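Student: I am new to this structure. Please take me through the terms one at a time and show what each one rests on.
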Amino acid sequence: MNLREELLKRLYAGEVSGEELAAECGVTRAAVWKCVRSLISEGHKISGTTNRGYMLAPSNVVSCAGVEHFLRTPWSVEVLPVTSSTNDVAKNRAAGGATDLVVIADSQTAGKGRLRRSFFSPGKAGVYLSAVIRPDLGVSDCGLITACAAVATARAVEELSGADVKIKWVNDLYIGSRKICGILTEGSVGMEGGSLDYAVVGIGVNALAVKFPSELENVATSVEAETGKAVDRCELAARILDNLHGLDSDVRSRSFVNEYRRRSCVTGRTVTVNGEYDAVAVGIDDDCALLLDVGGRTIKFSAGEVSLKLK
């Protein structure tokens with residue numbers, strides 16, 4: 001671990017003596033001071049007291065040390081200040097053999113959603129993460145992975161903010177009538193048996209208040225805007241990851257499905273399907289397929305087959 005990460009780790013644990021840290025890390029006191037100044041320039045709120053040391057105040061800056069401080073399950077954490085897409089970075093890491101790795105970015109320049117849509121990912125405002133897992137699951141389970149991740153994320157947001165978080169089939173989280181989160185699962189298929197070699201679960205949460213582009217301001221919102229609570233982004237990322245741990249077991253047992261149904265903001269409502277016709281969402285089956293009533297006939301749709309607009 002480099003000096004920056006060691007200093008942050010210790011600051012999260014409590015007060016840090018610059019003199020003791022310098023001696024233990026084999027660096028000069030000036031090097032520690034320079035590191036402190038660098039962290040302050042990044043937005044960390046650090047104060048120093050003569051003869052005592054440095055202290056960290058809440059600042060909502062995303063860091064490896066911050067996420068690991070709250071994390072209770074075994075993930076390798078990589079944090080980037082900016083990247084094109086955390087999913088793309090995570091897929092590259094997965095192709096190199098990584099597993100149980102999460103890539104987190106403060107901002108994305110080309111965040112991705114379903115159906116090739118873009119995901120607005122400004123800096124200092126959201127939680128944008130992609131988790132690499134190697135589940136013992138088949139390709140047909142990809143939709144279930146997304147649904148399970150939606151429940152995991154909804155729980156995390158609810159735990160920290162107290163909000164009533166709903167799920168719009170299959171991958172969007174809502175507070176009230178507006179979206180706070182999107183989830184995109186991508187993967188690689190093994191050549192034999194049609195099983196997943198790996199899956200990358202990309203999750204983007206609008207955590208803090210931000211001004212959305214005009215085309216999104218009536219459909220998107222943030223956790224802070226809806227609840228008044230500026231949730232800690234490091235803690236939110238950690239809670240999501242803790243809830244994702246053991247996802248393949250949850251998918252196989254379908255243990256999350258009833259909660260997924262309960263959180264649905266689609267069931268019982270009229271929706272527009274692929275922009276072409278209206279239908280009534282009548283339920284979600286045990287494989288998280290959506291059941292639509294189309295002119296008195298019930299039709300089942302799996303994830304990826306349709307795009308829905310609530311009416």
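Tutor: The largest nonpolar core has 83 residues, and those with the most contacts inside it are Trp169, Leu236, Leu244, Phe256 and Tyr260. This is a predicted model, where local features need pLDDT of at least 70 and side-chain atom pairs count only at pLDDT 80 or more, while totals for chains, interfaces and linings use all residues. Residues are numbered from 1 along each chain as its sequence is written, and side-chain values use heavy atoms, with hydrogens and water left out.

Student: What makes a set of residues a nonpolar core?

Tutor: The members must be buried Ala, Val, Leu, Ile, Met, Phe, Trp, Tyr and Cys residues, joined through side-chain atoms within 4.5 Å. Buried means under 20% relative accessible area; exposed is over 50%, and partly exposed lies in between (1.4 Å probe, protein chains only). A second, separate core of 8 residues includes Ala90, Ala94, Val103 and Val132.

Student: Which residues does Trp169 touch?

Tutor: Contact means heavy atoms within 4.5 Å. Leaving out residues up to four places away in sequence, the partners of Trp169 include Tyr260, Val266, Ile284, Leu290, Phe301 and Leu308.

Student: Is Cys234 called buried or exposed, and why?

Tutor: Cys234 has 1% relative accessibility, so it counts as buried. Cys35, at 11%, therefore counts as buried too.

Student: What is the strand order in the open sheet?

Tutor: The open sheet of 7 strands runs E3-E4-E5-E9-E8-E7-E6, with mixed pairing. Strands (E, at least two residues) and helices (H or I, at least four) are DSSP runs, numbered from the N terminus. Two strands pair if DSSP finds at least two bridges between them.

Student: Why are E3 and E6 called edge strands?

Tutor: Strand E3 (76-83) and strand E6 (165-168) each have a single partner strand, so one side of each is left without a neighbour in the sheet.

Student: How do you know that E6 and E7 pair?

Tutor: E6 and strand E7 (residues 172-175) share 4 bridges, in the antiparallel sense. Ile167 stands opposite Leu173 in E7.
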